[in-house]
Amino acid sequence: MTELHEQWPRYEVFIKSRNGLEHKHSSSLHATDGQHALLLARDVYTRRQEGNSLWVVAASDVSQNGAAPVAGTSETPRQFEVFLRLKPGLDHKHIGSVDACDAAAALRSAETAFGQYPAGSLWVLPSASVLTSEAEWSEPFFDAMADKTYRLPTFYQLPAAVNNM
């Protein structure tokens, strides 16, 4: 019997916060396809109005420095999105775009443009692989949960039998 994570591909999720200027890596999830990943990301990562824009991309399309780049080359340059993590433990943040024929060239261009960083700190992914929440979807996609009350633990009344919790 195969596990769920073996049946569905993994997607990386990037969120632009309401006050943020760039998308940053939030987490990853397994979904049947990109549209499913986008809906799951909205439900899981923006339910408390943390963001106003989502990007999802198949994890298999992400190349990082210090590792073998994802295969796939083209005759004409294409655009790659560049994400940088300044310190281990921090999120990868979107810092720009570069044009290249493949992921290895995109990583070299990113290192030239943005500097050398330890292995795993720099990610590039083809812009064409990024599935985004559209701007016109913003209100129904993100604001639909604004009327849902977020309840802190202090919201609930404890029974009298429970004195200390």
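The model is predicted. Its mean pLDDT is 84, and 87% of the residues reach 70 or more. Strand E7 is largely enclosed by the rest of the structure, because five of its five residues are buried. The structure also holds three salt bridges.

**Confidence by element**

- Strand E6, residues 93-102, has the highest mean pLDDT among the elements of the chain, at 93.
- Helix H4 has the lowest, at 69. H4 spans residues 138-142.

- E7 runs over residues 122-126.
- Leu122, Val124 and Pro126 point one way from E7. Trp123 and Leu125 point the other way. All of these residues are buried.
- In a regular strand, side chains alternate between the two faces of the sheet.
- E7 pairs with strand E5, residues 73-84, in the antiparallel sense. Five bridges join these two strands.
- Valine 124 of E7 is the bridge partner of valine 82.
- E7 also pairs with strand E4, residues 63-64. This pairing is antiparallel too, over two bridges.
- Tryptophan 123 of E7 is the bridge partner of glutamine 64.

**The E1-E2 hairpin**

- Strands E1 and E2 form a hairpin, with five residues between them.
- E1 covers residues 10-17. E2 covers residues 23-30.
- The two strands run antiparallel and are joined by seven bridges.
- Valine 13 has serine 27 in E2 as its bridge partner.

**Salt bridges**

- Glutamate 12 pairs with arginine 10, with the closest N and O atoms 2.6 Å apart. Glutamate 12 counts as buried because its relative accessibility is 6%, under the 20% cut-off. Arginine 10, at 39%, counts as partly exposed.
- Aspartate 91 pairs with lysine 24, with the closest N and O atoms 3.6 Å apart. This pair links distant parts of the chain, 67 residues apart. Aspartate 91 sits in the loop between E5 and E6, and lysine 24 in strand E2. Aspartate 91 is partly exposed at 32% relative accessibility. Lysine 24 is partly exposed as well, with a relative accessible area of 34%.
- Arginine 42 pairs with aspartate 43, with the closest N and O atoms 3.0 Å apart. Arginine 42 counts as buried at 18% relative accessibility. Aspartate 43 is partly exposed, with a relative accessible area of 37%.

- Serine 53 belongs to strand E3, residues 51-58. At 13% relative accessibility, serine 53 counts as buried.
- The side chain of serine 53 makes a polar contact with the side chain of histidine 23, at 2.9 Å.
- Leaving out residues up to four places away in sequence, serine 53 touches Phe14, Ile15, Lys16, His23, Ser133 and Phe142.
- Serine 133 lies in the loop between strand E8, residues 131-132, and helix H4. Serine 133 is buried, with a relative accessible area of 8%.
- A polar atom of the serine 133 side chain lies 2.9 Å from the backbone nitrogen of leucine 54.
- Beyond residues up to four places away in sequence, serine 133 touches Leu38, Ser53, Leu54, Phe141 and Phe142.

**Two loop residues**

- Tryptophan 8 lies in the loop between helix H1, residues 4-7, and strand E1. At 29% relative accessibility, tryptophan 8 counts as partly exposed.
- Neighbours within four places in sequence aside, tryptophan 8 is in contact with His30, Ala31, Thr32 and His36.
- The C-alpha atoms of tryptophan 8 and leucine 29 are separated by 9.3 Å. These residues are 21 residues apart along the chain.
- Proline 118 lies in the loop between helix H3, residues 103-114, and E7. Proline 118 counts as exposed because its relative accessibility is 55%, over the 50% cut-off.
- The C-alpha atoms of proline 118 and arginine 85 are separated by 9.4 Å. Along the chain, these two are 33 residues apart.

Key: Residues numbered from 1 in each chain as written. Predicted model: local features only at pLDDT ≥ 70, side-chain atom pairs only at ≥ 80, totals over all residues. Heavy atoms only, no water. Buried < 20%, exposed > 50% of the residue type's maximum accessible area, 1.4 Å probe, protein only. Helix = DSSP H or I, 4+ residues; strand = E, 2+ residues; numbered from the N terminus. Pairing = 2+ DSSP bridges. Polar contact = N/O pair within 3.5 Å; in protein donor to acceptor, adjacent residues only side chain to side chain. Contact = heavy atoms within 4.5 Å. pLDDT = per-residue confidence, 0-100. Salt bridge = Lys/Arg side-chain N within 4 Å of Asp/Glu carboxyl O.
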